[in-house]
Amino acid sequence: MAITNEFKTACRKVGLALGAVLLCRLLTEGISFLLSTLLKDADSTLSYIIIWAVSVIVLYGGVIVTSAFIFGYKWDDNRIYYKKCKRLGKAVSWVLPSYGAGQLINITVLAISLLLANNNGAVQDTYAPITGGEATSFSTVIVLVFQMVVIAPIFEEFWIRGIIQTGLSKYGHGFSIMVSALIFGFAHGNVHQFCFTFVIGIVLGYVRYAADSIIPTTIIHFILNSIAATIMLIGTSDPVISGIVKMQEGKELSTTENTMITVLLIFVVVVFAFMIAGMINAIKKLKNNRLYRPQNNYPEMTKSEKAIALIKDPVFTISTVLFIALMIAVIFIS
């Protein structure tokens with residue numbers, strides 16, 4: 001079979017969408033740097049919140065508007081994505097295998113990163129939201145938690161599983177799942193989050209088609225980010241930080257420090273058990289994947305032809321190379 005002109009256009013759209021994400025990220029970084037310079041004498045918490053708010057608006061607003069334009073999204077089509085879904089409970093049950101599979105990949109990448117680049121910031125990179133930033137107080141941590149558990153699930157699912165995946169669905173459900181997951185991974189800007197979110201993106205892509213709605217994917221996204229936010233919230237609390245310092249110095253911990261560290265350890269153990277159960281559950285579900293098997297609704301081309309056409313598109317290739325270069329730089333700079 002030959003590569004159709006229609007599919008070449010689709011590949012070009014994917015490249016443009018990926019390039020738009022990169023430009024929006026760079027624009028966000030530039031604006032954040034400018035604002036931090038202008039607000040250097042302002043209250044640190046207020047300055048952080050202003051920079052965070054502007055970053056969220058520029059980044060999410062930029063990628064959503066550009067993606068909508070590229071894929072011809074009509075703003076009165078929200079009902080298509082947030083309509084009543086099929087098999088909600090069964091769809092949301094994929095939170096367990098998605099987390100297990102994602103963390104298996106995540107742990108592997110973290111281990112490699114620590115060995116090759118001595119990147120001690122790997123864990124923080126993994127759980128930091130897209131718009132990043134260093135939390136300097138409890139209030140700024142709360143802002144990050146709000147972004148992770150509320151803003152990110154709503155806007156990212158609407159953007160990735162709604163606009164992009166749906167916009168590519170006519171070229172094959174499998175193709176649209178993989179491409180949207182790829183953009184989802186690149187959008188997070190570092191290797192640690194890329195691998196985790198790429199795997200999660202594939203699972204969410206399947207769920208989006210099986211449920212015929214992005215409501216369950218938004219719920220799963222919310223649960224996964226809530227786990228990460230809880231770890232961050234407890235781990236960055238003053239009692240935990242001071243307690244860890246005292247433990248390193250061989251000093252006795254206060255009752256509050258001891259309690260908070262115990263709570264953190266219990267939560268980590270629970271999450272680890274959740275992860276192991278998720279890995280086992282993922283294997284079982286993959287063996288019986290009839291409900292979530294994507295439809296071959298673009299028989300004009302084979303899977304390999306689609307992959308070759310995408311790789312051959314110069315805009316996609318350039319955007320991908322630039323993103324990879326950025327992520328490699330982040331590994332050695334962090």
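## Cysteines and aromatic rings

Let's start with sulfur: the count of disulfides comes to zero, a disulfide being a pair of cysteine sulfur atoms within 2.5 Å. This is a predicted model, in which local features need pLDDT of at least 70, side-chain atom pairs count only at pLDDT 80 or more, and totals for chains, interfaces and linings use all residues. Residues are numbered from 1 along each chain as its sequence is written, and side-chain values use heavy atoms, leaving out hydrogens and water.

Here are the residues that count as buried, meaning under 20% relative accessible area, with exposed over 50% and partly exposed in between (1.4 Å probe, protein chains only).

| Residue | Relative accessible area |
|---|---|
| Cysteine 24 | 9% |
| Cysteine 195 | 17% |
| Phenylalanine 186 | 4% |
| Phenylalanine 323 | 0% |
| Phenylalanine 194 | 16% |

Now to the rings. The structure holds seven aromatic pairs; rings of Phe, Tyr and Trp (its six-membered ring) pair if their centres lie within 6.5 Å, and planes under 30 degrees apart count as stacked, over 60 as edge-to-face and the rest as tilted. One of the pairs joins phenylalanine 186 and phenylalanine 323, with centres 5.2 Å apart and planes at 25°, so this pair is stacked. Phenylalanine 186 lies in helix H8 (residues 173-186) and phenylalanine 323 in helix H14 (residues 314-333), so the pair ties together parts that are 137 residues apart in sequence. Helices (H or I, at least four residues) are DSSP runs, numbered from the N terminus.

Phenylalanine 194 and phenylalanine 198 are also stacked, at 5.9 Å centre to centre and 5° between the planes. Both lie in helix H9 (residues 191-211), four residues apart, about one turn of the helix. Together, Phe186, Phe194, Phe198 and Phe323 form one aromatic cluster.

Note on methods
Helix = DSSP H or I, 4+ residues; strand = E, 2+ residues; numbered from the N terminus.
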